[in-house]
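Please have the structure open while you read.

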Amino acid sequence: MAGWMSLGLFLAIGLALMAGFPVAFTLAGVALLFAGLGVMTGTFDIVFLEAFPNRIYGIMTNETLIAVPVFVFMGVMLERSKLADQLLQSLAQLMRGVPGGLGIAVVLVGAMMAASTGIVGATVVTMGLISLPTMLGKGYHPNVATGTICAAGTLGQIIPPSIVLVMLADVLSNAYQQAQLQMGNYSPETVSVGELFAGALVPGVILVGAYLIYLFILAWLKPSTMPAVEDGDEERVSLGRLLALAAGPMMLIVAVLGSILKGIATPTEAAAVGAMGAILLASISGHLSMETMKDVVYRTAGISAMVFM
């Protein structure tokens, strides 16, 4: 019976998510619903629910998880600084005449934003609003355009500093310590966020390379689905301007990831550095104001609440 309950729980979560319900409420609501069914069928002990307040308190006092809202703040602030807009437009203009150049620009900017923000929503929304109308207007096949944007936007799940990796590090650390204790090792080691970041960096770069290779091959085999953008009346962007636009996010990436991977700072400390860097970049770009700060704080609180729920 317990096995069927687990299968039903999985199916119910999938159906609720596909129906469009918010992820946080879906996970919590379906879990509580099946806990009640388990109590009625005798497959779940209600005593386990008494550990729920302790779990919430443990999350609130976990210093590692403090990095999550700070990374979210950094990503939302970078989104409001409009750096992704300028980078994408400049890179797309620089790659005019190259088959699939617009799609390649989307993947490259998506990878840079993933390494700068660590959250998926901001990247996907930004890419969708900026590049999708342009790609469709230039003759890109809708499947190619939407698939490229979704693939580039979800790079934030694997490329550090990923919010998912921060959450996963806490879960893996607890599970690894419990496994070592059961094996008789009473001074267990932990799995740190920095180790997960280091382990995910190379696969993330490989994934970006695989996306680019696929787009090159698709543009070569089916040029009609990814036509080259012809030169228009707009002024061509110089490589120097593109490097100037990319300098800020690249310095932020080096400061955050470099300090974590080298052991100079903890993930929470590095996230604080990244948040201050994002505020500085928004100020330099002229998009920092009290209204912007208020909106960023509200959105950060909402996203963090959803993540922790």
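1. Let me begin with a crossing: α9 passes α10 in a right-handed crossing. A crossing is called right-handed if the near helix is turned clockwise from the far one by less than a right angle, and left-handed if anticlockwise. Helix α9 covers residues 163-182, and helix α10 covers residues 193-221. The two pack at an angle of about 125 degrees, their axes being 9 Å apart, and that makes α9 oblique to α10. Angles under 35 degrees count as roughly parallel, over 145 as roughly antiparallel, 65 to 115 as roughly perpendicular and the rest as oblique. Axes here are lines fitted to C-alpha atoms, for helices over the stretch in contact, with angles from 0 to 180 degrees between N-to-C directions.

2. Which residues meet between α9 and α10? From α9 come L165, V166, L168, A169 and L172, and from α10 come V193, L196, F197 and A200. This contact divides into 9 nonpolar residues, no polar and no charged. Contact means heavy atoms within 4.5 Å; Ala, Val, Leu, Ile, Met, Phe, Trp, Tyr, Cys and Pro count as nonpolar, Asp, Glu, Lys and Arg as charged, and the others, Gly among them, as polar.

3. A word on the basis of these notes: this is a predicted model, where local features need pLDDT of at least 70 and side-chain atom pairs count only at pLDDT 80 or more, while totals for chains, interfaces and linings use all residues. Residues are numbered from 1 along each chain as its sequence is written, and side-chain values use heavy atoms, with hydrogens and water left out.

4. Overall, the chain has 13 helices and 0 strands. Both are DSSP runs numbered from the N terminus: helices are H or I of at least four residues, strands E of at least two. The C-alpha atoms fill a box of roughly 70 × 40 × 40 Å along the principal axes. Of contacts between residues at least 6 apart in sequence, 77% join residues at least 24 apart.

5. Helix α9 also packs against α4: their axes come within 10 Å and cross at roughly 175 degrees. That makes α4 roughly antiparallel to α9. A67, V68, F71 and V72 of α4 contact I163, V166 and M167 of α9, a set of 7 nonpolar residues with no polar and no charged.

6. Helix α4 (residues 67-80) has another partner in α12 (residues 267-284), at an angle of about 20 degrees and with axes 8 Å apart. That makes α4 roughly parallel to α12, and the crossing is left-handed. The contact includes F71, F73 and M74 of α4 and A271, G274 and A275 of α12. Its residues divide into 15 nonpolar, 2 polar and no charged.

7. On burial, 39% of the 309 residues in the chain are buried. Buried means under 20% relative accessible area, exposed over 50% and partly exposed in between, with a 1.4 Å probe and protein chains only. T148, in helix α8 (residues 142-153), counts as buried because its relative accessibility is 6%. Leaving aside residues up to four places away in sequence, T148 touches G103, V106, V107, M135 and L215.
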